[in-house]
Amino acid sequence: MTGMHHMLVHFPLGFWALATLMILVGALLPGRMAELSRAALLPVLVLSLLGALAAIVTGFLIWPLEASTHSPLARNHILMAFWSLGIFAMLTVLVWRAGSATFDGARRWVLVLLALIGGLFFAAAGTLGGHLVGAPTLFSDVLGLMGWEVYTTFYSPFWVSAVMVLIGVACALVGLRGRRTAS
């Protein structure tokens, strides 16, 4: 099952990287390429979620849950995988619900912000998975520069928590403002 998980994780990672690129192109560039990116984004996001679910299921089948939850590295890997899944699921719902208005106004910047945060999380999940199989990457050093030691459990620097709270408040304000203008 280990080999199956290692193969399957490349599907959500590839689709999430492609979706992030498509969001950046759709939000920042004019022209035909941006139109194509916007039109094809929802199917790519749906495929990424299916791939992520398959990868997560096979990941849980590799070792008993007790073994995974007793390893700080494995717990962080699982946490980052679920955060990535959550962010890209949110992006999928936003794109699906907004339809053709997905990239209008402030929505485009919400998509860009969520895609970049999701990209950071799936990169962290992949890096932690690499550590678990004995193939660490240089991205671990980048995480260290941001204040996160990959071998600690559920540690988040204070500034990261503060930024997350600020982003949450800003998203709530944007949502309330959007609701008022729609009424």
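Hi everyone, thanks for coming. Please keep in mind throughout that the structure is a prediction.

Let's start in the middle. The largest nonpolar core has 31 residues. Within that core, the residues with the most contacts are Ile23, Leu41, Leu45, Met80, Phe88 and Leu91.

Setting aside neighbours within four places in sequence, Leu41 contacts Ala19, Met22, Ile23, Val95 and Phe103. Ile23 is a name to hold on to, as it also belongs to the core residues with the most contacts.

Now to the helix pairs. As a reminder, two packed helices are described by the angle between their axes and the distance between those axes.

Partner one is H3. H2 and H3 pack at about 155°, and their axes are 8 Å apart. What does that make the pair, roughly parallel or roughly antiparallel? Angles over 145 degrees count as roughly antiparallel, so H2 and H3 are roughly antiparallel to each other. Their crossing is left-handed. In terms of residue class, this contact has 17 nonpolar, 4 polar and 1 charged residues.

Partner two is H6. Here the packing angle is again about 155°, and the axes of H2 and H6 lie 9 Å apart. H2 is therefore roughly antiparallel to H6. H2 passes H6 in a left-handed crossing. Who makes the contact? From H2 we have Leu13, Trp16, Ala17, Thr20, Ile23, Leu24, Gly26, Ala27 and Leu28. Facing them from H6 are Arg108, Trp109, Leu111, Val112, Ala115, Leu116 and Phe122. By class, the H2 and H6 contact has 13 nonpolar, 2 polar and 1 charged residues.

H2 and H5 pack at about 45°, with axes 12 Å apart. H2 passes H5 in a left-handed crossing. The H2 side of this contact is Trp16, Thr20 and Ile23, and the H5 side is Ser84, Leu85, Phe88 and Leu91. How many charged residues take part? There are no charged residues here, with 5 nonpolar and 2 polar ones making up the contact.

Let's finish with a handful of individual residues.

Leu113 is in helix H6. Is Leu113 buried, partly exposed or exposed? Leu113 has a relative accessible area of 36%, so it counts as partly exposed. Leu113 and Thr20 are 93 residues apart in sequence, yet their C-alpha atoms are 9.9 Å apart.

Further along H6 we find Gly129. Gly129 has 18% relative accessibility, so it counts as buried, since the cut-off for buried is under 20%. From Gly129 to Ser71 is 58 residues in sequence and 12 Å in space, C-alpha to C-alpha.

Past H6, Pro136 sits in the loop between H6 and helix H7, which covers 139-145. Pro136 is exposed because its relative accessible area is 52%, and the cut-off for exposed is over 50%. Apart from neighbours within four places in sequence, Pro136 contacts Gly130 and His131. Gly126 is 10 residues from Pro136 along the chain, and their C-alpha atoms are separated by 9.5 Å.

Last one: Ser68, in helix H4, residues 65-69. Where does Ser68 fall, buried or exposed? Ser68 is at 7% relative accessibility, so it counts as buried. Not counting residues up to four places away in sequence, Ser68 touches Trp63, Ala74, Arg75 and Ile78. Of those, Ile78 is 10 residues from Ser68 in sequence and 8.6 Å away, C-alpha to C-alpha.

That's my tour, and I'm happy to go back to any of these helices with you.

Methods: Residues are numbered from 1 along each chain as its sequence is written. This is a predicted model: local features need pLDDT of at least 70, side-chain atom pairs count only at pLDDT 80 or more; totals for chains, interfaces and linings use all residues. Side-chain values use heavy atoms; hydrogens and water are left out. A nonpolar core is a set of buried Ala, Val, Leu, Ile, Met, Phe, Trp, Tyr and Cys residues joined through side-chain atoms within 4.5 Å. Buried means under 20% relative accessible area, exposed over 50%, partly exposed in between (1.4 Å probe, protein chains only). Contact means heavy atoms within 4.5 Å. Helices (H or I, at least four residues) and strands (E, at least two) are DSSP runs, numbered from the N terminus. Axes are lines fitted to C-alpha atoms, for helices over the stretch in contact, and angles run from 0 to 180 degrees between N-to-C directions. Angles under 35 degrees count as roughly parallel, over 145 as roughly antiparallel, 65 to 115 as roughly perpendicular and the rest as oblique. A crossing is left-handed if the near helix is turned anticlockwise from the far one by less than a right angle, and right-handed if clockwise. Ala, Val, Leu, Ile, Met, Phe, Trp, Tyr, Cys and Pro count as nonpolar, Asp, Glu, Lys and Arg as charged, and the others, Gly among them, as polar.
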